[in-house]
Amino acid sequence: MERTRSEMIKKGIRRQIVLHYFIVVFLTLMIVEIVFLIAIQTYYYNSIRQYMMNHAAVTTSYYDKFYANAFAEKDPSFLPSLLKMFSLDNTELQILNTKGEVLISSSGFQVEKSVQTSDVSQALNGSTGRWFGKQAGTNESVMAITAPLKINGETSYLLRYVTSLEAVNGKIMSIVLLAVAVGIVILALVLIISIGLANSIVKPLNNITAVSAQMARGRFDVRVEGNYRYELGELASTLNYMAEEIVRSDKVKNDFISSISHELRTPLTGIKGWSETLESGNFTDPEETKLGMHIISKETERLIGLVEELLDFSRLQQKEVKLNMNYVELETLISETILQVRSKAEQKQIRLTMNVSGVPSPVVGDQNRLKQVFLNLIDNAIKFSHPESNIFIHIDHTDETCTVSVRDTGIGISEEHVKKVTEKFYQVNPLGGGTGLGLAITNELVEQHHGHLEIESQPGLGTTVSVMLPKAPRTEPQPENETQKQQQEV
């Protein structure tokens with residue numbers, strides 16, 4: 001199946017490339033050949049016509065100057081002299097009367113019918129006429145130039161030069177045949193080049209197709225080999241990058257499954273052990289029973305927290321989280337958050353310090369979700385800080401934004417991990433516990449508030465996490481009842 005598909009792609013693309021190149025070049029050559037033929041024919045015909053017209057002009061001018069008054073009107077005895085005097089090589093000279101009848105011809109053939117071509121009618125009107133066409137009787141291509149001969153100011157005779165175009169047409173045909181031969185050679189070269197070009201495209205595509213087919217079967221260890229250029233190179237690089245990301249995501253998923261299994265097993269083991277102990281009824285010490293119940297309750301809360309985190313992430317991914325937007329004073333919100341984690345900080349003798357710069361003003365957001373954001377950031381800072389260290393929480397107000405920065409002096413994060421810590425299931429230390437969803441959820445919540453989260457960290461020096469949130473729009477002072485109505489709508 002794969003081979004058939006590859007062959008179809010190979011044949012289809014190759015055929016299309018070769019065909020398109022061939023058709024484009026063929027049409028171009030056809031146009032060039034036609035234009036060339038017209039140009040050559042026009043050049044030859046114009047050269048002959050100009051030569052004959054110049055000769056006719058010189059002849060009539062000479063006649064008007066020296067002979068117009070030397071011959072009597074209607075006296076045909078001078079016609080042989082004119083015929084001999086005004087003849088032109090490789091051209092038949094005819095002298096016609098005003099009716100178009102041939103009186104005498106240099107060819108010696110007698111023409112019985114009068115000549116009615118357009119050059120004759122033009123000459124009768126006083127101008128030099130020209131005509132292309134087929135010669136009556138012989139059916140050969142000819143060109144005719146006719147000029148009037150005047151006696152006493154009136155046209156009495158017509159001087160008509162007729163030359164055959166067969167030799168010229170033969171010459172033109174030879175040139176055309178040569179041009180066609182050159183065109184055929186060019187088409188052959190184009191065909192060879194286009195086949196080579198098609199192969200240069202088809203071969204990499206076949207390689208990429210084969211690799212992608214293996215990836216489709218789950219083999220993400222294969223890579224597209226070859227230093228391809230332009231779009232094919234980008235396609236190969238993208239496919240290789242996709243495979244690397246799938247492998248990495250798969251590893252992250254496996255690490256997550258291992259981690260979450262451990263996280264779930266630990267509290268379940270405690271709950272199961274203490275519940276079995278309590279069920280046996282062997283406790284005589286009320287304090288020990290109370291301790292067991294406390295552990296069961298604590299581990300249950302821990303399990304609920306893990307499940308809630310997973311549910312939160314699932315809802316955020318599916319865009320099912322509904323935010324209850326209202327005006328939020330971040331100073332009050334973060335003060336409450338600090339109080340909530342103070343006991344955990346005191347266990348490690350960590351000092352939490354909050355300061356504010358700028359003119360405080362509210363942001364628009366979901367108070368509970370924003371509290372979840374800052375609770376997670378401060379809790380992480382406590383978790384990864386050294387005992388007896390400091391955590392600084394700075395709130396900076398500007399006209400448009402409010403930036404909350406949580407800075408610790410803990411273990412820090414390497415640059416490699418900083419770029420990925422907000423990705424789902426990613427953990428810097430898979431054995432360190434947790435689901436790897438905390439910062440992913442935090443980042444998603446910040447983005448849903450039209451904000452931005454940034455992380456700066458240096459190993460051994462600490463980490464700074466900044467959350468930038470847009471300020472609530474300013475409104476003009478309004479009566480108290482209208483202000484309350486707007487707050488309810490928000």
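Leu19, Ile23, Phe26, Leu27, Met30, Ile34 and Ile38 make a nonpolar surface patch of about 600 Å². Such a patch joins nonpolar side chains (Val, Leu, Ile, Met, Phe, Trp, Tyr) within 5 Å, from residues with over 30% relative accessible area and no salt bridge; a salt bridge is a side-chain nitrogen of Lys or Arg within 4 Å of a carboxyl oxygen of Asp or Glu. Areas come from the Shrake-Rupley method with a 1.4 Å probe, and for residues only the protein chains shown count as cover.

The model is predicted: local features need pLDDT of at least 70 and side-chain atom pairs pLDDT 80 or more, while totals for chains, interfaces and linings use all residues. Residues are numbered from 1 along each chain as its sequence is written, and side-chain values use heavy atoms, without hydrogens and water.

The chain has 11 helices and 12 strands, which are DSSP runs (helices H or I, at least four residues; strands E, at least two) numbered from the N terminus. Leu19 is found in helix 1 (residues 2–66), and Ser194 lies in helix 4. The table gives their exposure (buried is under 20% relative accessible area, exposed over 50%, partly exposed in between; 1.4 Å probe, protein chains only).

| Residue | Relative accessible area | Class |
|---|---|---|
| Leu19 | 40% | partly exposed |
| Ser194 | 2% | buried |

Leaving aside neighbours within four places in sequence, Ser194 is in contact with Ile17, Val18 and Tyr21, where contact means heavy atoms within 4.5 Å. Just after helix 4, Gly218 takes a positive phi of about 100°.

Technical notes: Patches are made of residues with over 30% relative accessible area and no salt bridge: like charges are joined within 9 Å, nonpolar side chains (Val, Leu, Ile, Met, Phe, Trp, Tyr) within 5 Å.
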